[in-house]
Amino acid sequence: MINKDDFKRRRELLAKKLMNEGILRSERCINAFLRVPREKFVWRGYEKDAYYDSPLPLGSTGQTISAPHMCAYLIEELELKPGDIVLEIGGGSGYQAALIAECVAPSDEDPSKWGHVYTIEINKELAEFARKNLEETGYSNRVDVLLGDGSLGYPPLEEKERYDKILLTAAAPKIPSPLIKQLKRGGILIAPVGKGFFQDLIKLIKTKDGDIKKKYLIKVAFVPLRGAYGWK
Ligand code: SAH
């Protein structure tokens, strides 16, 4: 049996590695990474592997919890700050959502200054898994897990600009237009785009005037997005 302190030591070692690699850079993201126990988000039986820097299968769903370096990279690129309202498409295990929550609603920050995370998951078994994991780790007051097709946004197809940040953790044919509509001016949306094993990670910025700017970040390997704006 690996105890809580062993997990903490492993988490600190992995954080140090990601800092040395220049992936974890800001104090906010480093703190988030050190606070969220990944061993509580992996599938049962995979706890011992929680701090290898690798993706892990989520049971027999065919989906995966992303590798720690990818989760860390994404929270840095989202430029999260306390108070941000964030939408994640692809809740999976809930781990990425918990990391985002620690950045927008840090555990040591006054809850009146907290932002909020909405994460949508299309697979019922995983939505329940994420909900349970977030509940057990104390994040259910900062993260709502919704069951449904996140490619339509949330609420589905609503046109209000309501999110400061939007993250897709499944690869889309192109960035779903309902998500661009729901992004606030000055907001950031990050999405893997493309077909095949490797896709382009794109950072989309909606300027204060409502213009859209896109920047290519890196090559990534995510599972395909399903739903209305996903792969048929
Ligand atoms: N962020 C997750 C990893 C997600 S893997 C984590 O931290 O563990 C991608 C997830 O996207 C899968 O669970 C898959 O079921 C989900 N997904 C795919 N298409 C979707 C859609 N249209 N709406 C919501 N979730 C979707």
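1. Basis. The model is predicted, so local features need pLDDT of at least 70 and side-chain atom pairs count only at pLDDT 80 or more, while totals for chains, interfaces and linings use all residues. Residues are numbered from 1 along each chain as its sequence is written, and side-chain values use heavy atoms, with hydrogens and water left out.

2. Aromatic pairs. The whole structure holds six aromatic pairs. Rings of Phe, Tyr and Trp (its six-membered ring) pair if their centres lie within 6.5 Å; planes under 30 degrees apart count as stacked, over 60 as edge-to-face and the rest as tilted. Phe7 and Tyr51 make a tilted pair, with 6.3 Å between centres and 55° between planes. This pair links distant parts of the chain, 44 residues apart: Phe7 is in helix 1 (residues 4–20), and Tyr51 is in the loop between helix 2 (27–35) and strand 1 (56–57). Helices (H or I, at least four residues) and strands (E, at least two) are DSSP runs, numbered from the N terminus. Both Phe7 and Tyr51 are buried; buried means under 20% relative accessible area, exposed over 50%, and partly exposed in between (1.4 Å probe, protein chains only). Elsewhere, ring pairs join Tyr118, Tyr154 and Tyr163 into a cluster.

3. Length and faces of helix 5. The 13 residues of helix 5 (residues 124–136) should span 18 Å at 1.5 Å a residue, and the end C-alpha atoms are 18 Å apart, which agrees. The expected span is 1.5 Å times one less than the number of residues. Leu126, Ala127, Phe129, Ala130, Asn133 and Leu134 are the buried residues of helix 5. They fall within an arc of 160° seen down the axis, so they line one face of the helix; the arc is that of the directions from the helix axis to the C-beta atoms. The face turned away from the buried side carries the exposed residues Lys124, Glu135 and Glu136.

4. Ends of helix 5. At the start, a side-chain oxygen of Asn123 comes within 2.9 Å of the backbone nitrogen of Glu125. Just after the helix, Gly138 has a positive phi of about 85°.

5. Thr61. Where is Thr61? Thr61 is in the loop between strand 1 and strand 2 (64–65). Thr61 is buried, with a relative accessible area of 16%. Its side chain reaches the backbone oxygen of Leu58 at 2.6 Å. Not counting residues up to four places away in sequence, Thr61 touches Asn123, Glu125 and Leu126 (contact means heavy atoms within 4.5 Å).

Conventions. A polar contact is a pair of N or O atoms within 3.5 Å; within protein, one must be able to donate a hydrogen and the other to accept it, and residues adjacent in sequence count only if both atoms are side-chain atoms.
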